[in-house]
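Here are some friendly notes to read alongside the model. Take the points one at a time, and keep the 3D view open as you go.

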Protein chains: 2
Amino acid sequence: MTVKVSSKAVAQEILDKYDNFLFDCDGVLWRESSLLPKVAETLKMLRKHNKNLIFVTNNATKSRLQYSKKFEKFGLTVSESEVFGSSYASAVYLRDILKLPKDKKVWVEGADGLEIELQDAGYQTLGGTHLPALDRPLNMEDKTDPINNIDPEVGAVVVGLDPKINYHRIAVTMQYLLNPNIYFVATNPDSTFPGKGALLPGAGMVVKAVETCVNREGIICGKPSKGMMDAIIKSQNIDKSRSIMIGDRFDTDILFGLNNGLSTLLVLSGIETPETLEALDPKQKPTYYANKLGDLYEYIH
Amino acid sequence: MTVKVSSKAVAQEILDKYDNFLFDCDGVLWRESSLLPKVAETLKMLRKHNKNLIFVTNNATKSRLQYSKKFEKFGLTVSESEVFGSSYASAVYLRDILKLPKDKKVWVEGADGLEIELQDAGYQTLGGTHLPALDRPLNMEDKTDPINNIDPEVGAVVVGLDPKINYHRIAVTMQYLLNPNIYFVATNPDSTFPGKGALLPGAGMVVKAVETCVNREGIICGKPSKGMMDAIIKSQNIDKSRSIMIGDRFDTDILFGLNNGLSTLLVLSGIETPETLEALDPKQKPTYYANKLGDLYEYIH
């Protein structure tokens, strides 16, 4: 049975039981360009109690450093080392789980944040945002076209949300993945994300496009997969029994906690509602729910 | 049991039993830029016997007229009315099966051949190849961006192979399809096609990309779906029991024949081999097989 955060006792219990607080960001800390009520106070309170804060995002277009700057805009101070993005998780997965040798190159179908994380992990990247030829139409007859210059040193392809996706990029990415010896890693499965006033195509759109033409499935690294947790554990050896994942979505955040043996707190300030919580399969229910993250602070004080 | 075309008697049987000969083109009539042996002679022989020839292609980038010009390059004379492409099938499906009113507009995520067929069917098309703004990056803040000018008169979206696919086009296509009252039609499911020296992404890649971000499935019109057969029947009231589908692929051509109650002839001049035929589920086997289409002519003469 999911316990509602509706008293000081429950809020205090959460404060006592957990050392590591993992947060989804959009819908938990902020919505569009507005910080949610009492978020700053809650984070400050948790820091005062020496809690370990970890911000877990499936945003694959930004590196950890780029994403930490987003917090500044809301007046929140968060360090790069507290941020775990799906681009970082993909780089860690390649390096530490798949153990791709450092002399192998990585073909990127994604944005610059993904390139930065792969380069930080020690890999030379190809494709991505730094090959202007890919912005032009595919030309099979042009010997200089990237499709006619497949690099035999590529050992992995990483696919994420790519605002520059086009036919040329998909066609060249496909040539690499037709080689079954080349790893296929995908940052995250999100099919959409809320843009400024409209729902927009997410990384899952790019991943499915590539998967379709190569008839292979990518290894997904973002929430709710184990890949993201592996990246966190590699970096900070947290005790899962004293960790709680806080999020606004069942299918990524809460599932990420459940799949990885963490307690979970659903906040109703984003995607889910009391009705969708009610309708959820009992085995998938979160440990706690609250109207908003700030309720933790409000009940304690 | 699949009968091999290996004698004059079998070739003559096919000539006697069928009035309507439906052909896939690539891998049956030609491969890349070469006409296959004795194809011209076989077609001429069939015409001499007053057979009805129908050329069925999943190529969605060309209109029937554009595609009939491809035959000329090989010295074959084929009229527009003998060609059934998946772009035409999609237009016929919208008009005759879904009965989309003519005052509704159609948003196109595809090439100009698809636009031409939709316009020939009486619809005003939007998107596609004639909106230069879609070639530029998506800009939510620009009031003139197509994403901020969703046309309420659009009644259907048709998706096909689009060499100009980009994030902007997918994002705007998505806005239309988030409206469940707008039909979602897809030209064909082919995930790849053989380009000049490389396997390239097919219409299925574009269809899956769109399906993923709208969480809906498109109605597929090309082979092996019933949509293509509906288009043929609407145009020529053929007797299925006296019709044979000739193709080089199980999953589109032979299945198209089987699904629609036609006899089938597999030719081994394209995708399939004696080994893949041997391994096939008995329920999916073709009626006949031949090394090549030209064997029909060679055994008769």
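1. First, a term you will need: two parts of the protein are in contact when they have heavy atoms within 4.5 Å. Please also keep in mind that this is a predicted model.

2. Let us begin with the sheet in chain A. Seven strands make up an open sheet, and reading across it gives the order β1-β16-β15-β14-β2-β5-β6, with parallel pairing. At the edges you will find β1 (3–4) and β6 (83–85) of chain A, each of which pairs on one side only.

3. Now zoom in on one pair of strands. How many bridges join β15 to β16 in chain A? There are three, linking residues 263–267 of β15 with residues 288–290 of β16, and the two strands run parallel. Look for L266(A), whose bridge partner in β16(A) is Y289(A).

4. Helix α1 (residues 8–17) lies across β1, β2 (20–23), β14 (243–247) and β16 of chain A, and runs at about 125° to β16(A). Helix α9 (residues 250–259) of chain A lies across β2, β5 (52–57), β14 and β15, running at about 160° to β15(A).

5. Please move to chain B and look for N260(B), in the loop between α9 (250–259) and β15 (263–267) of that chain. Is N260(B) buried or exposed? Buried means under 20% relative accessible area, and N260(B) counts as buried because its relative accessibility is 5%. Leaving aside neighbours within four places in sequence, N260(B) is in contact with P224(B), S225(B), K226(B), M229(B) and K240(B).

6. Finally, visit the second largest pocket, with a volume of about 440 Å³. Of its 18 lining residues, the closest to the centre are G204(A), K208(A), E211(A), K208(B) and T212(B). The largest share of the lining, five residues, comes from α7(A). By class, the lining has three nonpolar, seven polar and eight charged residues.

Methods
Residues numbered from 1 in each chain as written. Chains lettered and ligands numbered in written order. Predicted model: local features only at pLDDT ≥ 70, side-chain atom pairs only at ≥ 80, totals over all residues. Heavy atoms only, no water. Pairing = 2+ DSSP bridges. Helix = DSSP H or I, 4+ residues; strand = E, 2+ residues; numbered from the N terminus. Axes fitted to C-alpha atoms, helices over the stretch in contact; angles between N-to-C directions. Buried < 20%, exposed > 50% of the residue type's maximum accessible area, 1.4 Å probe, protein only. 1 Å grid on protein atoms, 1.4 Å probe; cavity = no way out; pocket = protein on both sides within 12 Å on 5 of 7 lines; lining within 4 Å. Points joined across faces, edges and corners; volume = space filled by probe spheres on them. Nonpolar A, V, L, I, M, F, W, Y, C, P; charged D, E, K, R; others polar.
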